[in-house]
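Hi everyone, thanks for making time for this. Let me put the structure up on the screen, and then we can walk through it together.

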Amino acid sequence: MKVERELLKGVAPMVVLEILSRGAMYGYELSEALARRSGDVLTLGRGTLYPLLYNLEAKKLVEGRWEKNESARRRRYYSITSRGKDELAEQKAQLRELTTGLNLVFGGALVPA
């Protein structure tokens, strides 16, 4: 089941920061990692992912750098900044609070902690 677009929009920056906290990636690689790690529940197309990355970069939460790979093709690799790590920690804390509240509302059966 795919997550509704508006719901995903709210968590997309956090999941992108989480994946980048594990290492630098270029856009397509990041999109594939997100889909794979979420069991294909969370997917971001190019039209969503790249504007999100540009926005995170403008906020200094990620930084991009151009690199050439073995075939001399240039790719823009994104990595999380220290500011991005702080933001991710804050967002994770808020998500834990939200999860606690949802568990209370749904009796703990719908959203595991």
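Let's start with helix H2, residues 27-37, where Gly27, Leu30, Ser31, Ala33, Leu34 and Ala35 are buried. Buried here means under 20% relative accessible area, exposed means over 50%, and partly exposed lies in between, using a 1.4 Å probe and protein chains only. Helices (H or I, at least four residues) and strands (E, at least two) are DSSP runs, numbered from the N terminus.

A word on where this comes from: the model is predicted, local features need pLDDT of at least 70, side-chain atom pairs count only at pLDDT 80 or more, and totals for chains, interfaces and linings use all residues. Residues are numbered from 1 along each chain as its sequence is written, and side-chain values use heavy atoms, with hydrogens and water left out.

Asp40 is partly exposed, at a relative accessible area of 45%.

Now, which residues touch the most other members of the largest nonpolar core? They are Val16, Leu17, Leu20, Leu30, Leu44, Leu53 and Leu56, out of 23 residues in that core. H1 (5-20), H2, H3 (46-58) and S3 each supply at least two residues of this core, and H1 gives the largest share, eight residues. By nonpolar core I mean a set of buried Ala, Val, Leu, Ile, Met, Phe, Trp, Tyr and Cys residues joined through side-chain atoms within 4.5 Å.

Take Val16 as an example: leaving aside residues up to four places away in sequence, Val16 touches Leu30, Leu44, Leu49, Leu52, Leu53 and Leu56. Contact means heavy atoms within 4.5 Å.

On to the sheet. Three strands form an open sheet in the order S1-S3-S2, with antiparallel pairing. S1 and S2 stand at the edges with a single partner strand each, so one side of each has no neighbour in the sheet. H3 packs on this sheet, touching S2 and S3, and its direction makes about 115° with that of S2. For such angles, axes are lines fitted to C-alpha atoms, for helices over the stretch in contact, and the angles run from 0 to 180 degrees between N-to-C directions.

Strands count as paired if DSSP finds at least two bridges between them. S1 (residues 25-26) and S3 (residues 74-80) are joined by two bridges, and Tyr26 stands opposite Tyr77 in S3. Seven bridges join S2 (residues 62-68) to S3, where Gly64 stands opposite Tyr78. S2 and S3 make a hairpin with five residues between them, and Ala72 in the turn has a positive phi of about 65°.

Finally, helix H4. This helix covers residues 82-105, 24 residues, and reaches 35 Å from its first C-alpha to its last, close to the 34 Å expected at 1.5 Å a residue. That expected span is 1.5 Å times one less than the number of residues. Which residues of H4 are buried? Gly84, Leu88, Thr99 and Asn103 are. After H4 comes Gly107, with a positive phi near 70°.
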